[in-house]
Structures are given as C-alpha cells and as structure tokens.
Amino acid sequence: MKIHIHDIPEDGLDLVFRQANQAWVARTLVEAFDGLLPTGAPAEASLRLFRSDTTVTVTGEVVAELQLTCDACLESYQEEVVIPIQQYLIPASAMDTSDRKVARGGAAGPYDQASPSLAGARSKLVAERRSLRSQDDDMQFGTYHGKYLELDSILRGAIVLERPIVFHCQESCRGLCDHCGINLNRERCRCHEESAPHPFAALKQITLK
Ligand SMILES: [Zn+2]
Ligand SMILES: [Zn+2]
C-alpha cells in the first residue's frame, strides 16, 4: 500500500486499516506478528501522517488480538496488544547524499564547492534528528524511496520491533510443577510437600553384610 507524500495534506492525514477489510493489511499483520495473530482475528492499524516538506512523521498504533501460549503453564490464551507507531521518515535520496559525502572524507572537495546547499541540507538533517531524539526517544527513523511511503513496511517495522516475546497468561501464573507436570493454576500436587521422610527412606539405611 503506497501513499504519495503530496497526498498528505497540511493538517495531516488520518488512516484506519482493518485486517478484516483489506487483504494487504491481513497479509502484513499476520506475517509481522509471526504466527501470533490468527487470520481473521480483530486487528486494526490507525495512523496519522504529517508532512513538512519531504519529512514525514507517522504516529499511531496497531491493536491486535493475539493468540498466545503461556511460557510457564503452556495454556493458550488471547490478549489484546497495542503496538505504538512513531516514525520519522526522510527521503532515501537525502541519506545517499550524506553517505557519499562522508565517504569522501567530509572535507571540502570540489563536489562540496559545487553544491554548498548539500552540506547545509545535511547539517539541517542531523540537527533535526537530534532535536527529535531529545523530544522523544521512542521515535524510530527510516527512509522512503521516491515520493511514496510504503505503509506495509512501516507497519511491519513497528510490529517486528515491538511485538511481545515473553508470554504469561496472568501475572501470577504458577506454571507447571517441574516434577509431575500438573498445572499449578488449577490443581495442587504434593511433590514439594514430600520433604517429609520418604516412605522408603529407611531402605537407604540398610547396609548389606
Ligand atoms: Zn500460565
Ligand atoms: Zn507436582
């Protein structure tokens, strides 16, 4: 799904995508959640796009009902997760220019003299990044190619970075008994009570002559 940057009006653009409504949304989310989001489960991405010249800021969130397996008790459960999206995108061509200049040693060569505005553009870029970093450390940086934003890769990037990797059905999950395997949330076992003398403990005392 591509958006031309000039289609982002001055006062921003709000977009909502639902897994159930668009095939590309379903494909992108299911893939990015790496098996945690069942096809057809409720999942929605809401985005707000702002543009200042060629710099685009994307904020919003993905809300998805995931099907998870508890790491401790191995029960499956559902949980709604909210993935924040905060990205600051600049044209890839601006990065190429600054990379090339760095590769040349950064010294004022004939290339720099021929186009002094590039050096200015780069320092402006660096300054903008710094100020944005200090404003919000959660902001991610990225680039876009040509004049189009690829919404699929914006969503994928945010989800892959923020999707849960530790799963607990409840904060106080007791897990499984490491001895008998019983689910300690539902049942109690006696494995750990048996620090009392084992019925056959006496056998250990017998020494054969
Ligand atoms: Zn559990
Ligand atoms: Zn047990």
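A residue is buried if 20 or more other C-beta atoms lie within 10 Å of its own, exposed if 12 or fewer, and partly exposed in between, with C-beta atoms placed from the backbone. I also need helices (H or I, at least four residues) and strands (E, at least two), which are DSSP runs numbered from the N terminus.

**Ground rules.** I am working with a predicted model: local features need pLDDT of at least 70, side-chain atom pairs count only at pLDDT 80 or more, and totals for chains, interfaces and linings use all residues. Residues are numbered from 1 along each chain as its sequence is written, while chains are lettered from A and ligands numbered from 1 in the order in which they are written.

**Helix 1.** I looked up which residues of helix 1 are buried and got Val25, Thr28, Leu29 and Ala32. Looking down the axis of helix 1, I find these buried residues within an arc of 90° (taken from the directions from the helix axis to the C-beta atoms), so they line one face of the helix. What do the buried residues of helix 1 pack against? I get strand 2 (13-18), strand 3, strand 4 and helix 5 (151-162), where contact means C-beta atoms, placed from the backbone, within 7 Å.

Next I traced an open sheet of five strands, in the order 2-3-4-5-6, with mixed pairing (two strands pair if DSSP finds at least two bridges between them). Strand 2 and strand 6 (140-144) each have a single partner strand, so these edge strands have one side without a neighbour in the sheet. From one strand to the next, the twist averages 25°. Strands 3 and 4 run antiparallel, and ten bridges join them. I noted one pairing there: Arg51 has Val56 of strand 4 as its bridge partner. Helix 5 packs on the sheet, touching strands 3, 4, 5 (76-91) and 6, and its direction makes about 125° with that of strand 5. For such angles, axes are lines fitted to C-alpha atoms, for helices over the stretch in contact, and angles run from 0 to 180 degrees between N-to-C directions.

Asp34 isn't a glycine, yet its phi is positive, about 55°. I located Asp34 in the loop between helix 1 (23-32) and strand 3 (43-52). Asp34 counts as exposed because it has 11 C-beta neighbours inside 10 Å. Asp53 also isn't a glycine and has a positive phi, about 60°; I found Asp53 in the loop between strand 3 and strand 4 (55-69). Is Asp53 buried or exposed? With 8 other C-beta atoms within 10 Å, Asp53 is exposed.

How values were computed: Two residues are in contact if their C-beta atoms, placed from the backbone, lie within 7 Å.
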